[in-house]
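Student: I have a model open and want to learn to read it. Can we go through it feature by feature?

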Amino acid sequence: NVALMQIKIHRGINQIGGCVTEIKSNKTRILIDVGSNLPNSTSKVKVNVAKISKKCDAVFITHYHLDHIGEYMQVRKEVPIYIGEQAKEIFTIYQKKMTEPRIAEVTQEHIDRLEAFNTFKPDETLGIGDIKVTPIRIDHSAFDSYMFLIEAEGKRILHTGDFRTHGPSGKDIPKIFKEIGKVDI
């Protein structure tokens, strides 16, 4: 029985934002990001996050911009969502601010769900079934942003998320890529 990791980009390949990527091995399925389309997006791509998260073992969020996390409420409640520690704190403060009068799009249910998110630390590998996920902190306009090294079945995938090379630690990107080493995709 030869298994190959599979990657499906549900949304985000021919547009900016709205990112939803599925990676599955023979035994495990994860999602990277569950983003909303940007407000002025002309994309017609619809993604049913509730449906695709039904058979998921975990969701990993690269950073807290809405085009990467905006559909977190659609993820099935039994599916754990992982985000960086400081990113969770920042996004929680942001969401609580949105519950103020006249900005009632965010409810207490949103806050409760967000507070249930799991967190990770940079460079500490998490095992989800037979998939290993290593979060690697990168420079982006959202503090505490990550790319993910995903390893399973003898393959290595680098999901870069959003990163920049001109920010305060952007100059470290070549060093980071060198430390990661060879990847298959």
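Tutor: Start with burial. A residue counts as buried when its relative accessible area is under 20%. Keep in mind that this is a predicted model.

Student: Is S36 buried or exposed?

Tutor: S36 has a relative accessible area of 19%, so S36 is buried. S36 sits in the loop between β3 (29-34) and α1 (49-52).

Student: Which residues is S36 in contact with, leaving aside its neighbours within four places in sequence?

Tutor: They are R11, G17, G18, L66, D67, G70 and E71.

Student: Now the sheets. How are strands held side by side?

Tutor: Strands of a sheet pair through backbone hydrogen bonds, and the pairing is either parallel or antiparallel. Here is one case. An open sheet has 6 strands in the order β1-β2-β3-β4-β5-β6, and its pairing is mixed.

Student: Which strands stand at the edges of this sheet?

Tutor: β1 (6-11) and β6 (118-120) do. Each has a single partner strand, so one side of each lacks a neighbour in the sheet. From one strand to the next, the twist averages 25°.

Student: In which sense do β1 and β2 pair?

Tutor: β1 pairs with β2 (residues 20-24) in the antiparallel sense, over 5 bridges. Look at I9: its place is opposite T21 in β2.

Student: What is the strand order in the open sheet of 4 strands?

Tutor: The order is β7-β8-β9-β10, with antiparallel pairing. β7 (126-128) and β10 (155-159) are at the edges; each has a single partner strand, so one side of each is left without a neighbour in the sheet. The twist averages 25° from one strand to the next.

Student: How many bridges join β9 to β10?

Tutor: There are 5 bridges, and the two strands run antiparallel. Find E151: its bridge partner in β10 is R156.

Student: Next, helices. How do I describe two that pack together?

Tutor: Two packed helices are described by the angle between their axes and the distance between the axes. Take α3 and α4: their axes come within 10 Å and cross at roughly 175°. An angle over 145 degrees counts as roughly antiparallel. α3 and α4 are therefore roughly antiparallel to each other.

Student: Which residues make the contact?

Tutor: K88, F91, T92, Q95 and K96 come from α3, and I111, L114 and E115 from α4. By type, the residues of this contact of α3 with α4 are 3 nonpolar, 2 polar and 3 charged.

Student: Where does α3 lie relative to the strands?

Tutor: α3 (residues 85-98) lies across β5 (81-84) and β6, at about 95° to β5.

Student: Last, aromatic rings. How many aromatic pairs are there?

Tutor: Rings pair if their centres lie within 6.5 Å. The count is 9 aromatic pairs. One of them is Y72 with F117, edge-to-face, at 5.5 Å centre to centre and 90° between the planes.

Student: Why does this pair tie together parts that are 45 residues apart in sequence?

Tutor: Because Y72 lies in the loop between α2 (66-69) and β5, while F117 lies in the loop between α4 (108-115) and β6. Both Y72 and F117 are buried.

Student: And F120 with F148?

Tutor: That pair is edge-to-face too, at 5.7 Å centre to centre and 80° between the planes. F120 is in β6 and F148 in β9 (residues 145-152), so the pair ties together parts 28 residues apart in sequence. F120 is buried, at 3% relative accessible area. F148 is buried as well, at 0%.

Note on methods. Residues are numbered from 1 along each chain as its sequence is written. This is a predicted model: local features need pLDDT of at least 70, side-chain atom pairs count only at pLDDT 80 or more; totals for chains, interfaces and linings use all residues. Side-chain values use heavy atoms; hydrogens and water are left out. Two strands pair if DSSP finds at least two bridges between them. Axes are lines fitted to C-alpha atoms, for helices over the stretch in contact, and angles run from 0 to 180 degrees between N-to-C directions. Contact means heavy atoms within 4.5 Å. Rings of Phe, Tyr and Trp (its six-membered ring) pair if their centres lie within 6.5 Å; planes under 30 degrees apart count as stacked, over 60 as edge-to-face and the rest as tilted. Buried means under 20% relative accessible area, exposed over 50%, partly exposed in between (1.4 Å probe, protein chains only). Angles under 35 degrees count as roughly parallel, over 145 as roughly antiparallel, 65 to 115 as roughly perpendicular and the rest as oblique. Ala, Val, Leu, Ile, Met, Phe, Trp, Tyr, Cys and Pro count as nonpolar, Asp, Glu, Lys and Arg as charged, and the others, Gly among them, as polar.
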